[in-house]
Amino acid sequence: MALPDTRTKVLDAAERLFAEHGYRGTSVRAITSLAGANLAAVAYHFGSKAELMAAVARRVVEPIATAQRARLDELLARTEEPAVADLVEAFAGPLFDHMPTSDDSGARTSRLIVTILSDPAEEARGWAGPAEAAVRERYLAAFARALPGLAPQELRFRMRGILAVTAMDRVEVYNQPTPGCSTAGGTATTDETTATGETATTDETTATDETTVAGDEARHWAITFLTAAMSAPATKPPR
């Protein structure tokens with residue numbers, strides 16, 4: 001397998017460091033040091049630290065936005081007025097798909113999205129282009145048809161909440177993996193066989209199965225919670 005080129009190494013290093021330390025907390029020197037690249041590599045391949053941040057964000061978010069657009073197209077092909085739950089699933093589902101808790105890359109994606117949403121540095125949020133804006137506006141219009149009582153500003157706030165809640169959940173689940181459960185009679189090993197001669201299930205397989213179930217349950221809980229949050233009555237302005 002071919003080794004990653006310098007540009008990819010810099011992107012990988014920047015994604016990790018931006019996710020962990022934010023835009024201002026990450027220096028170009030730290031990025032190139034982690035990437036094993038020359039200090040001038042950022043300027044050569046990206047032009048500036050801000051443009052590197054934009055490239056990192058696009059690499060992570062574009063596949064999610066593409067999946068969101070496809071899901072919405074599928075919904076609108078079936079009906080012009082999808083239900084709120086279906087819209088939430090179409091919008092949030094790709095976040096679960098692209099932020100798996102089973103590996104480091106999914107956790108980095110989650111942390112990076114949290115950074116994009118919360119980092120005070122403008123460079124962390126100014127990366128989005130027309131394609132991402134178009135997807136966001138299409139969902140906003142679809143939610144507005146399903147929830148006519150909500151003002152556009154409140155709809156935008158609730159959509160940002162979907163992103164934030166899902167990303168934070170993925171980070172927390174990754175940091176606290178589901179432990180395997182042992183049986184009352186002891187844990188079976190690969191050396192133990194059943195009466196029919198079949199190999200018993202290993203701890204690793206059991207843990208994986210439990211993690212998958214937990215992931216499916218977490219997705220269901222999140223979609224249910226987020227649908228309720230999106231469907232709540234309009235917030236009354238303070239007096």
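Predicted model: local features only at pLDDT ≥ 70, side-chain atom pairs only at ≥ 80, totals over all residues.
Residues are termed buried below 20% relative accessible area, exposed over 50% and partly exposed in between, with a 1.4 Å probe and protein chains only. Numbering starts from 1 along each chain as its sequence is written, and side-chain values rest on heavy atoms, with hydrogens and water left out.

The chain comprises 9 helices and 0 strands, where helices (H or I, at least four residues) and strands (E, at least two) are DSSP runs numbered from the N terminus. Of its 239 residues, 35% are buried. With contact defined as heavy atoms within 4.5 Å, 71% of the contacts between residues at least 6 apart in sequence join residues at least 24 apart.

The axes of helix 1 (residues 6-21) and helix 4 (residues 49-78) come within 10 Å and cross at roughly 85 degrees. Such axes are lines fitted to C-alpha atoms, for helices over the stretch in contact, and angles run from 0 to 180 degrees between N-to-C directions. Helix 1 is therefore roughly perpendicular to helix 4 (65 to 115 degrees; under 35 is roughly parallel, over 145 roughly antiparallel and the rest oblique). Helix 1 contributes Thr-8, Val-10, Leu-11, Asp-12, Ala-14, Glu-15 and Phe-18 to the contact, and helix 4 contributes Lys-49, Leu-52, Met-53, Ala-55, Val-56, Arg-59 and Val-60. By class, 9 nonpolar, 1 polar and 4 charged residues take part (Ala, Val, Leu, Ile, Met, Phe, Trp, Tyr, Cys and Pro count as nonpolar, Asp, Glu, Lys and Arg as charged, and the others, Gly among them, as polar).

Aromatic pairs number 3 in the structure; rings of Phe, Tyr and Trp (its six-membered ring) pair if their centres lie within 6.5 Å, with planes under 30 degrees apart stacked, over 60 edge-to-face and the rest tilted. Phe-18 and Tyr-23 form a stacked pair, at 5.8 Å centre to centre and 20 degrees between the planes, and both residues are buried. Elsewhere, ring pairs join Phe-91, Tyr-139 and Phe-143 in a cluster.

The charged end of Lys-49 lies over the ring of Tyr-23, 4.3 Å from its centre (NZ of Lys or CZ of Arg within 6 Å of the ring centre and within 35 degrees of the ring normal). Lys-49 counts as buried because its relative accessibility is 19%. Beyond residues up to four places away in sequence, Lys-49 touches Phe-18, Tyr-23, Arg-24, Thr-26, Val-28 and Val-42.
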